[in-house]
Each structure stands twice: as C-alpha cells, then as structure tokens.
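Thanks for coming, everyone. I have one structure to walk through. Let me put it up.

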Amino acid sequence: MTRSADRAVTLPELLASRDARQARQTAWLKQHGVTLMSFTVVAPGPVKDSDLTRRIFGHGLQALEGMARDAGWLAIAKASFALMTGPEALLAINAPAQTVKRAAIALEQTHPLGRLWDIDVLTPQGEILSRQQFSLPPRACLICSRAAALCAREQSHSLAELLAHMEIRLNDAEHA
C-alpha cells in the first residue's frame, strides 16, 4: 500500500490491511521466535493516515522503545510501516510475553497519549494477550468513562469530538 495522507480508507482496504498485518505478524513470529509487539494508533473515522496519527505514532514508538530499553529487553528486530490505513510498527522482543503485556498496559494507562495507542502483544506461539486475561476491564472511551466498544457501536460521540479530543491530548503531551 502507498501512503496517502488525509485520504479516506474504504472498508475493503481496512480489512485487507488487517489481513496484511496478521500475515506480517505470522512471518515475524516464525522468523524471530520471540514475543512480538504490534503497535498502531487508535484512529476513529475513515482517515487513518494524517499528521495527527503520525505524530501520535511517533510518540508511541519512542515510548515503546524506551520501555524496552529501560526494562533491559533486547529488541531483535523492529520495523515501521507508513500505510494509508495508518502507521504500524512491529517489535520482536526477547522477553516473556506476559511481562511485556503488563508493561504495555502500564504504558497505555500512564502515558498522556497511551489511550490513543493500540499495543498488541503476541506470544512466540502467536496468541494475542488481552486485557481480559489480566483481569482488566475493556478500554474506556476517549471522551467518557464508558467502554470504548460500546460508545463506538452506539456512535455516542461525533467524529469531530473524537478528533478534537485526540488533538488536545497530543498538544498537551507535546507542550508538557
């Protein structure tokens, strides 16, 4: 896929992108045989590649690399992908998947932009570890305290509200 900022993504393109990400994850797991972090940005609406998502992604990638470095984990391989369906990264980490997932959850919960990140952690066997496995509730909505999936399904907030909230979070983080 080629990068095309601020272009609406169609549902077939989004589904193809998810399939391609899963194929990349499978290939990386096979090649590296260690825990895999798959990182994307929460991007409501049809535009997934924008200045906003790229800036949020940059902060997230920096935070993930810092988390691994601070923990003393060896990043065997890492790659970023600039896609019209939004920026993505893969990091092959030589550390126990459960430990990496706990750290990723802590990062999502404590970093000012953490709620805008989607950090999946896969075991070397390809199992995606979920928040539920750690007895944690579903992720909260970007705006209110309800479950994000519920607000998304009910379209409780307008796209303009969601994007404005993301901009505010990003500006606060960049000027803190």
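What pattern does the protein follow, read along the sequence? The pattern is α-β-α-β-β-α-β-β-α-α. That is 5 helices and 5 strands. Helices (H or I, at least four residues) and strands (E, at least two) are DSSP runs, numbered from the N terminus.

A word on the basis. This is a predicted model, where local features need pLDDT of at least 70 and side-chain atom pairs count only at pLDDT 80 or more, while totals for chains, interfaces and linings use all residues. Residues are numbered from 1 along each chain as its sequence is written, and side-chain values use heavy atoms, with hydrogens and water left out.

Overall shape next. The C-alpha atoms fill a box of roughly 40 × 35 × 30 Å, taken along the principal axes. The radius of gyration is 16 Å, which agrees with the value near 16 Å for a compact globule of 176 residues. That radius is taken over C-alpha atoms, and the globule rule is 2.2 Å times the number of residues to the power 0.38. Buried residues make up 41% of the 176. Buried means under 20% relative accessible area, exposed over 50%, partly exposed in between (1.4 Å probe, protein chains only).

Now the pockets. A pocket, on a 1 Å grid over the protein atoms alone, is an open set of points where a 1.4 Å probe fits, with protein on both sides within 12 Å along at least five of seven lines; lining residues have an atom within 4 Å of a point.

How much space lies in the largest pocket? About 1,300 Å³, counted as the space filled by probe spheres set on the points, with grid points joined across faces, edges and corners. Of its 49 lining residues, the closest to the centre are Arg18, Val41, Val42, Ala43 and Asp118. Helix H1 (11–32) is among the elements that give two or more residues to this lining. H1 supplies the largest share, 8 residues.

The second largest pocket has a volume of about 150 Å³. Its lining includes Glu108, His111 and Arg169.

Most residues other than glycine have a negative phi. Serine 135 has a positive phi of about 60 degrees. Serine 135 sits in the loop between strand S5 (128–129) and H4, and counts as exposed at 69% relative accessibility. Glutamine 155 also has a positive phi, near 50 degrees. Glutamine 155 is in the loop between H4 and H5, exposed at 67%.
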